[in-house]
There are 2 protein chains.
Amino acid sequence: MQSIGIIRSPFTELANMPIQPKGAAGAEGTIIVDPQFERGLDDLDGFSHIYLLYLFHKADRTELTVVPFMDDSPRGVFSTRSPLRPGHIGLSIVELLGRQGNELKVRGIDILDQTPLLDIKPYIAEFDEVKESRSGWLCASEEEVRKKRSDRRFT
Amino acid sequence: MQSIGIIRSPFTELANMPIQPKGAAGAEGTIIVDPQFERGLDDLDGFSHIYLLYLFHKADRTELTVVPFMDDSPRGVFSTRSPLRPGHIGLSIVELLGRQGNELKVRGIDILDQTPLLDIKPYIAEFDEVKESRSGWLCASEEEVRKKRSDRRFT
């Protein structure tokens, strides 16, 4: 798994973090892409939102059943966004504020400081918008998602 | 990069494929997860849509500037969904039709047959919905995205 850069954020420990970008609306961070890949960032600043793919580098084990932050019941790990998944790949959609050289400023970051970056993709509504969806076990309101913070269960 | 299974689809060659799930609305496929991870699929069938993360295993090189299928101009690869990106990780949102044991039936698949699967995540509107977004260079309509097919430029 090739890291292409590093993610800087205000969150230096796993506890008390926002559990999703929507819980981190005000949190700003910096994506530092390795200079060898800088040219690949051209044209990205025309997009308002980007996907970040990254490695949950503090996840030191895999569990197939987890109790997610937004639930009290054990769930199959692939039906959650838990870091303890096989492969330990994380996905967040953040707002892109701007680019300078090999650095991107983003808002709404729910990612631990110093997280290895795996990929950046543009969010493209024509491709990615899901008009009607159904969310299995998760019955939380957006308000609850915004308020919820992590604890130590995945550390 | 650990593969956790394999993606089966009707698309056995890279040319003439849908370029995004929205262009593959009718195409059905099967996600076969390694039996050792089967239990991790529990509770997933309550979700209508899932993210598939996978390896563009036919991408044998990296290019920092590409001409995307929906454009005529060279663009930084991270502002596109091209397979030639560093790391070669692909992302698609597909509709989940059902699960049987270690297999998932999905619809709207734009992925090459025999593609190695890296991760499955539930699409959760409370986390993932982007209400207003702006898409840089891409000015295509949804109609154009639906009609467009791949050619040999990334092979």
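The secondary structure of chain A comes to two helices and eight strands, where helices (H or I, at least four residues) and strands (E, at least two) are DSSP runs, numbered from the N terminus. Along the sequence, these elements of chain A follow the pattern β-β-β-β-β-β-β-β-α-α. The radius of gyration of chain A, taken over C-alpha atoms, is 16 Å, close to the 15 Å that the globule rule (2.2 Å times the number of residues to the power 0.38) gives for 155 residues, so chain A is as compact as a globular protein of that length.

Before I go on, please keep in mind that this is a predicted model, in which local features need pLDDT of at least 70 and side-chain atom pairs count only at pLDDT 80 or more, while totals for chains, interfaces and linings use all residues. Residues are numbered from 1 along each chain as its sequence is written, and chains are lettered from A and ligands numbered from 1 in the order in which they are written.

Staying with chain A as a whole, its C-alpha atoms fill a box of roughly 45 × 35 × 25 Å, taken along the principal axes. Buried residues make up 48% of the 155 residues in chain A; a residue is called buried if 20 or more other C-beta atoms lie within 10 Å of its own, exposed if 12 or fewer, and partly exposed in between, with the C-beta atoms placed from the backbone. Two residues are in contact if their C-beta atoms, placed from the backbone, lie within 7 Å, and among the contacts in chain A between residues at least 6 apart in sequence, 76% join residues at least 24 apart.

Let me turn to the strands. Strands of a sheet pair through backbone hydrogen bonds, either parallel or antiparallel, and here two strands are said to pair if DSSP finds at least two bridges between them. In chain B, six strands close into a barrel in the order E1-E2-E7-E6-E3-E8, and the pairing is antiparallel. Neighbouring strands of this sheet are turned by 45° against each other on average, direction ignored, the axes being lines fitted to C-alpha atoms, for helices over the stretch in contact, and angles running from 0 to 180 degrees between N-to-C directions. As one pair from that order, strand E1 (residues 5–8) of chain B is joined by four bridges to strand E2 (residues 28–33) of chain B, and there B:Gly5 stands opposite B:Val33.

Seven antiparallel bridges join E3(A) to E6(A), whereas E3(A) and E8(A) pair in the antiparallel sense over five bridges. A:Leu53 shows both pairings, as A:Leu53 stands opposite A:Leu91 in E6(A) and has A:Asp119 as its bridge partner in E8(A).

What does A:Leu117 touch, once residues up to four places away in sequence are not counted? This residue is found in strand E8 (residues 115–122) of chain A, and its contacts are A:Ser3, A:Ile4, A:Gly5, A:Ile6, A:Ile7, A:Ile31, A:Leu52 and A:Tyr54. A:Leu117 and A:Ile7 are 110 residues apart in sequence and yet 6.2 Å apart in space, C-alpha to C-alpha. With 22 C-beta neighbours inside 10 Å, A:Leu117 counts as buried.

A residue in a loop also deserves a moment. A:His88, in the loop between strand E5 (75–76) and strand E6 (89–100) of chain A, has a positive phi of about 55° although it is not a glycine, and with 20 C-beta neighbours inside 10 Å it counts as buried.

Finally, the two chains together. A rotation of 180° with 0.0 Å of shift along its axis superposes chain B on chain A (RMSD 0.0 Å), by least squares on the C-alpha atoms of residues with pLDDT of at least 70 in both. That is the relation of a two-fold axis. Of the residues of chain B, B:Met1 comes closest to the rotation axis, at 2.4 Å (C-alpha).

The contact takes 53 residues from chain B and 53 residues from chain A. E8(B) gives the most to the side of chain B that touches chain A, with five residues. The residues of that side divide into 27 nonpolar, 13 polar and 13 charged, where Ala, Val, Leu, Ile, Met, Phe, Trp, Tyr, Cys and Pro count as nonpolar, Asp, Glu, Lys and Arg as charged, and the others, Gly among them, as polar. Finally, 100% of the interface residues of chain B are also interface residues in chain A, so the copies meet through the same surface.
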